[in-house]
Amino acid sequence: ATSQDGGKMSKKEKKALVKQAKSLKSNPLAMKALNDELASSKKEASSARKETIDAKQQVTALNNKVEELENQLQQAKADKAKQVEKPVVVAKTSQNIAGLTFKVQIGGFRKRDLSSFDNSQENLVKVEVNDAGIQEIALGSFDSYQKANAFKKHLRAMGLKDAWIVPFKDGQRVPLKDVVDQIDN
């Protein structure tokens with residue numbers, strides 16, 4: 001014989017259960033009370049399972065709402081960054097060809113807000129948010145492609161393997177292919 005928990009039943013346990021069964025057999029009211037108690041316990045367990053399922057569904061709904069609100073907050077931050085974006089300061093030098101400057105971009109980030117590090121007045125760090133809501137981080141402002149390229153190589157040697165050169169014409173970002181003929185080799 002085995003007990004309810006699947007383990008072996010001792011002779012003492014078996015004897016006690018046989019005695020209890022005989023007692024219940026001779027007392028139908030006690031047997032009915034035991035069956036009623038069992039049915040009530042089953043109802044309570046079923047109700048508790050339903051409450052647990054309902055609570056889990058509420059938690060899932062709340063988690064979805066939190067995620068939605070976090071997305072709205074990120075979008076609002078991106079929109080605010082676009083509205084408060086500082087003007088691009090272009091370094092003008094005698095070697096500057098028709099407002100052409102170069103910066104070294106080190107990344108584009110959607111979930112990192114680095115705008116507090118933007119010190120465009122000094123032309124060292126520039127943080128701009130593009131139309132897709134991605135923050136583009138650029139370093140330096142150089143009046144020649146060669147100087148920007150030397151800086152890019154230095155950054156790559158420091159471990160920023162994805163650094164690349166970004167040209168600006170009259171303060172507006174332009175594709176490199178549009179200004180390649182103006183670059184002195």
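## Report on a predicted model

The model described here is predicted.

**Overall make-up**

The secondary structure consists of 3 helices and 5 strands. Read from the N terminus, the order of these elements is α-α-β-β-β-α-β-β. The protein has 185 residues, and 23% of them count as buried. Its exposed surface comes to about 13,800 Å², of which carbon and sulfur atoms supply 55%. Among contacts with a separation of 6 or more, 59% are between residues 24 or more positions apart.

**Strands S2 and S3**

Strand S2 covers residues 125–129, and strand S3 covers residues 135–142. The two strands pair in the antiparallel sense, over 5 bridges. Across this pairing, Glu128 stands opposite Glu136, and Val129 stands opposite Gln135. The hairpin of S2 and S3 has 5 residues between the strands, and in this hairpin Gly133 takes a positive phi near 85°. Both strands are mostly covered, as the table shows.

| Strand | Residues in strand | Buried residues |
|---|---|---|
| S2 | 5 residues | 4 residues |
| S3 | 8 residues | 8 residues |

**Helix H3**

Helix H3 spans residues 145–157. It has 13 residues, and the distance from its first C-alpha to its last is 18 Å, close to the 18 Å expected at 1.5 Å a residue. Which residues of H3 are buried? They are Ala148, Asn149, Lys152 and Leu155. Seen down the axis of H3, these buried residues fall within an arc of 120°, so they line one face of the helix. An α-helix has 3.6 residues a turn, so residues three or four places apart point the same way. The face of H3 turned away from the buried side carries Lys153 and Ala157, which are exposed.

**The largest nonpolar core**

The largest nonpolar core has 12 residues. Its members are Leu100, Phe102, Val104, Leu139, Phe142, Ala148, Leu155, Ala163, Ile165, Val174, Val179 and Ile183. Strand S1 (100–109), strand S3 and helix H3 are the elements that give two or more residues to this core. The largest share, 3 residues, comes from S1.

Ala148 is a member of this core and one of the buried residues of H3. What does Ala148 contact, leaving aside its neighbours within four places in sequence? Its contacts are Phe102, Val104, Phe142 and Ile165, and these four residues are also listed in the core.

**Leu176**

Leu176 lies in the segment after strand S5, which covers residues 172–173. Is Leu176 buried or partly exposed? Leu176 counts as partly exposed because its relative accessibility is 33%, and the range for that class lies between 20% and 50%. Not counting residues up to four places away in sequence, Leu176 touches Tyr145, Pro167 and Ile183. Leu176 and Phe102 are 74 residues apart along the chain, and their C-alpha atoms are separated by 9.6 Å.

Definitions and conventions: Residues numbered from 1 in each chain as written. Predicted model: local features only at pLDDT ≥ 70, side-chain atom pairs only at ≥ 80, totals over all residues. Heavy atoms only, no water. Core = buried A, V, L, I, M, F, W, Y, C linked by side-chain atoms within 4.5 Å. Buried < 20%, exposed > 50% of the residue type's maximum accessible area, 1.4 Å probe, protein only. Contact = heavy atoms within 4.5 Å. Pairing = 2+ DSSP bridges. Expected span 1.5 Å × (residues − 1). Arc of directions from axis to C-beta. Areas by Shrake-Rupley, 256 points an atom, 1.4 Å probe, with all protein chains shown as cover.
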